[in-house]
Amino acid sequence: MGDPARLVKTDDASGRGSAMGYRVSPPARMRRYAEDEVDAVVEVMVEAEAQTQGRYLRQFEADFKAQMGANHAFAVDNCTNALRLAAILCRLAPGDEVIIPAYTFCATAIPFGASGAKIVWADIDRNTWVVDPRDIERKITSRTKAIVAVHLLGMPADMPAILSITERHGLRVIEDCAQSPGASIGGKQVGTFGDFGCFSFHGAKNMTTLGEGGMLAVRSDADALLAAGLRHNGVRAYAPDRPRYWVPAMSDVDIDIEGVWPNNFCIGEAQCALGSVALRRLEETNNTLIDQAMRLRAALAAVEEISFARVPQGFRHIFHAFVLHFDGSRFGKNRDDLLDLLTTQYGIRAIVQYHPLYRYPLFQKLGAGEHDCPTLEGWWDNSFSLPWWCGMPEETMDYLVSSLQSAIAQLRSG
Ligand SMILES: Cc1ncc(COP(=O)(O)O)c(C=O)c1O
């Protein structure tokens with residue numbers, strides 16, 4: 001990593017590289033659009049006067065609040081900016097510390113690093129592979145101001161345990177739900193436990209709004225009052241009934257938090273119209289992914305070298321990705337030996353999604369390279385993902401299972 005000789009110049013902005021030549025490779029999106037989703041976008045193109053900031057935005061936010069049980073919801077252009085708004089609303093400043101799981105996508109941490117606060121990396125739980133509440137507690141200092149819980153891969157982080165710690169210490173809680181819309185604990189949706197829930201509708205997610213999109217769920221009325229202006233260049237309406245509508249101007253522009261410049265994090269009407277329809281399909285998508293995951297897990301249960309995250313009782317994991325751990329230590333083999341076989345002999349483009357974030361040059365160069373995450377260090381180097389999408393054909397799943405079984409048998413016999 002970071003070695004210029006290994007950096008490949010590419011116009012593949014997804015970072016996934018070429019899928020050419022593989023029999024099974026991860027697609028760039030989770031599922032195809034349904035007809036009513038296409039119709040929703042076309043309706044806005046043809047019928048809607050306002051192309052942004054209109055009734056589809058209000059409807060999408062209302063639908064999202066109702067479906068997720070959120071107090072307030074603000075649709076934004078992506079989850080990174082939902083996280084950025086959360087960081088701003090936490091009023092983070094240099095000298096503050098924010099505890100963030102080291103195992104996640106870089107966008108979880110970048111907005112907090114950009115706030116000037118120090119990132120303190122939290123370890124994963126050895127059973128669930130998401131953030132370990134006990135490690136969060138161990139890393140709290142007098143400077144800690146907020147913690148970020150990531151419901152990674154579709155698995156809920158243990159919010160009841162996290163909240164019992166953060167409430168004792170008076171900390172702000174941000175949930176990164178980019179990979180987990182519809183995941184829940186005891187029937188309560190992720191994103192509604194903490195102060196803020198940040199959702200992504202990126203093209204590869206379980207629901208998408210034309211490739212980009214996001215939502216900020218907000219718990220308190222006080223935070224919600226500030227979010228609209230921060231999202232939209234500080235714009236606020238004058239009273240609509242003034243005698244001369246143009247006096248003094250169309251709208252006022254002001255600040256919401258002392259010293260903080262607002263920005264434009266808005267999302268267009270076509271994306272919002274699609275979002276309302278996609279929300280109604282989310283359950284079906286998640287249920288299909290859960291069924292597929294259960295099938296694959298059952299078929300691989302007898303392969304003793306393979307293990308999966310344990311889903312705690314009452315937790316709903318929605319399987320945004322299908323991640324496995326391989327332990328070939330008995331016969332001196334590791335994940336990379338297995339992936340060499342899967343990719344070259346079986347044509348399965350298994351992937352390793354992200355490094356622990358402190359291993360990336362970005363975080364090392366910006367002062368966030370320090371870490372103490374022994375469980376993640378011990379687990380990560382032998383973890384990987386299989387190609388995964390909603391509606392994977394039975395024969396593809398059978399092929400994944402039989403290929404894994406035979407590749408591991410090959411490694412066992414040297
Ligand atoms: C865990 C996590 N957090 C944040 C993000 C950022 O989402 P977006 O691409 O909508 O900015 C992603 C997206 O890939 C993600 O997987």
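Let's start with contacts: among those between residues at least 6 apart in sequence, 72% join residues at least 24 apart. Keep in mind, everyone, that this is a predicted model. The protein has 12 helices and 15 strands. Its radius of gyration is 22 Å, close to the 22 Å that the globule rule gives for 414 residues, so the protein is as compact as a globular protein of that length. If you draw a box along the principal axes, the C-alpha atoms fill roughly 85 × 55 × 45 Å. And of the 414 residues, 43% are buried.

Now let's zoom in on strand 3, residues 118–122. Are its residues buried or exposed? Five of the five are buried, so to speak a mostly covered strand. Look at where the side chains go: K118, V120 and A122 point one way, while I119 and W121 point the other way. Both sets are buried. Which way does strand 2, residues 97–101, run beside strand 3, parallel or antiparallel? The two are parallel, and five bridges join them.

Next, the ligand. Surrounding it are 15 residues, and the closest are N78, C79, T80, A178 and S200. What kinds of residues make up that shell? Six are nonpolar, eight are polar and one is charged.

On to a helix. In helix 9, residues 335–344, the residues L338, L341 and L342 are buried. Looking down the axis of helix 9, you would see its buried residues within an arc of 95°, so they line one face of the helix. What covers them? The cover includes strand 14, residues 323–326, and helix 12, residues 394–412.

Strand 14 takes us to the sheets. It belongs to an open sheet of three strands in the order 12-14-15, with antiparallel pairing. At the edges are strand 12 (306–307) and strand 15 (383–385), each pairing on one side only. Three bridges hold the antiparallel pair of strand 14 and strand 15, and H325 has S383 of strand 15 as its bridge partner.

Another open sheet has three strands in the order 7-6-13, again with antiparallel pairing. Why is one side of strand 7 left without a neighbour in the sheet? Strand 7 (188–189) and strand 13 (315–316) stand at the edges with a single partner strand each, so one side of each has no neighbour there. Strand 6, residues 184–185, pairs with strand 7 over two bridges, and S184 has Q189 as its bridge partner in strand 7.

Last, a few backbone details. Most residues other than glycine have a negative phi, and most peptide bonds are trans. You will find Q53 in the loop between helix 1 (35–47) and helix 2 (55–68). Q53 counts as partly exposed, because it has 15 C-beta neighbours inside 10 Å. L210 also has a positive phi, near 60°, and lies in the loop between strand 8 (196–200) and strand 9 (214–218). With 17 other C-beta atoms within 10 Å, L210 is partly exposed. Finally, the peptide bond from V247 to P248 is cis, with omega near 5°. P248 sits in the loop between strand 10 (235–237) and strand 11 (251–253).

Terms used:
Residues numbered from 1 in each chain as written. Predicted model: local features only at pLDDT ≥ 70, side-chain atom pairs only at ≥ 80, totals over all residues. Buried ≥ 20, exposed ≤ 12 C-beta atoms within 10 Å, placed from the backbone. Helix = DSSP H or I, 4+ residues; strand = E, 2+ residues; numbered from the N terminus. Pairing = 2+ DSSP bridges. Near = placed C-beta within 6 Å. Nonpolar A, V, L, I, M, F, W, Y, C, P; charged D, E, K, R; others polar. Rg over C-alpha atoms; globule rule 2.2 N^0.38 Å. Contact = placed C-beta atoms within 7 Å. Arc of directions from axis to C-beta.
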